[in-house]
Amino acid sequence: MRRPVIVTDLDGTLLNHDDYRWAPAVPALARAQAAGVPIVLNSSKTAAEMIELAAQLRLDGPLVFENGGGICRRPAPDAPWQTMVLGVPRAQLQARLNALRARHGWRFRGFGELDVAEVAALTGLTPAAAALARRRQCSEPLDWQDDEDALAACTSALEAAGLAVTRGGRFVHVSGRHDKGSALEQLLGGTLGQVIALGDAPNDLPMLQRAAVAIVIPRPDGSALAVPGHADVRIAPAPGAEGWGRAVDSLLDELGCPRHKEQEHG
Ligand SMILES: [Mg+2]
């Protein structure tokens, strides 16, 4: 493969599922960077959350945020990040939700109506992390407080308006119609044949399916996401950051990328 690009999910993939650590992936990350392999983070997190993480990981590459809702790039290392929203801007989503609520009386609260302390309490995030998670640009998580029938009716109304509704563990997410794969196509276009994608969950499928090599990070219980119809799917040998590191290391071996001396001897 000429000029490979690594595209990776964060939670449960590059970051451990439970403790969010990435230390076991650092040697492979450094090896990929030393070999000039670009690393693109592709997550449902906000741009604010991802920019902070990119700084900690020392990554300059483009970021795909909010499940394909937008892309951040840096024209040069240390230059300010530039954001492009691909999805429906959040203010439009909120206006649509407010209109539906006024008309039908459904009970829910959007992230935009919750303060930092409320988001922290609902998500288990620290207040600082909750503040970054609240800075959404093209999606609105709802704390749904009405019954299932109301949710079904609200979902139909939003879908009829061309929006997408997905149910997460804790929230109902409202956004435009985009995913991690559609944004990747915008970002990489004709070079998708050089993409090595890593993910662990159903929202990673559109990205894994478009990649030349799909690396699935297994869940902590050992089970792994299926990627139907893909010719080159590999299951990482361990969950989380350790699996990420070992899978990327073998791939870099395959591609003939040199190892650092300290990796050979350490
Ligand atoms: Mg994940």
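Accessible areas here come from the Shrake-Rupley method with a 1.4 Å probe, and for residues only the protein chains shown count as cover. On that basis the accessible surface of the protein comes to about 12600 Å², with 50% belonging to carbon and sulfur atoms. Please keep in mind that this is a predicted model, in which local features need pLDDT of at least 70 and side-chain atom pairs count only at pLDDT 80 or more, while totals for chains, interfaces and linings use all residues. Residues are numbered from 1 along each chain as its sequence is written, and side-chain values use heavy atoms, with hydrogens and water left out.

## Overall fold

The protein has 10 helices and 12 strands (DSSP runs numbered from the N terminus: H or I of at least four residues for helices, E of at least two for strands). Its radius of gyration, taken over C-alpha atoms, is 19 Å, close to the 18 Å that the globule rule gives for 266 residues, so the protein is as compact as a globular protein of that length. That rule is 2.2 Å times the number of residues to the power 0.38. Along the principal axes, the C-alpha atoms fill a box of roughly 65 × 40 × 40 Å.

Of the 266 residues, 47% count as buried; buried means under 20% relative accessible area, exposed over 50%, and partly exposed in between (1.4 Å probe, protein chains only). Taking contact as heavy atoms within 4.5 Å, 55% of the contacts between residues at least 6 apart in sequence join residues at least 24 apart.

## The magnesium site

Asp9 (OD), Asp11 (O) and Asp200 (OD) coordinate the magnesium ion at 2.2 Å. Donors are N, O and S atoms within 2.8 Å of the metal (3.2 Å for Na, K and Ca); water is not among the atoms, so sites may look incomplete. The donor spacing in sequence is D-x1-D-x188-D. Distant parts of the chain are linked here: Asp11 sits in the loop between strand 1 (5-8) and helix 1 (26-34), and Asp200 in the loop between strand 10 (195-199) and helix 8 (205-210), 189 residues apart.

## Four residues compared

| Residue | Relative accessible area | Class |
|---|---|---|
| Asp11 | 32% | partly exposed |
| Asp200 | 12% | buried |
| Ser175 | 13% | buried |
| Val248 | 2% | buried |

Ser175 belongs to strand 9 (residues 172-175). Beyond its neighbours within four places in sequence, Ser175 contacts Leu93, Cys138, Ser139, Leu163 and Ala164.

Val248 is part of helix 9 (residues 240-254). Not counting residues up to four places away in sequence, Val248 touches Ile6, Ala28 and Leu198. The C-alpha atoms of Val248 and Ala25 are separated by 8.7 Å, though these residues are 223 apart along the chain.
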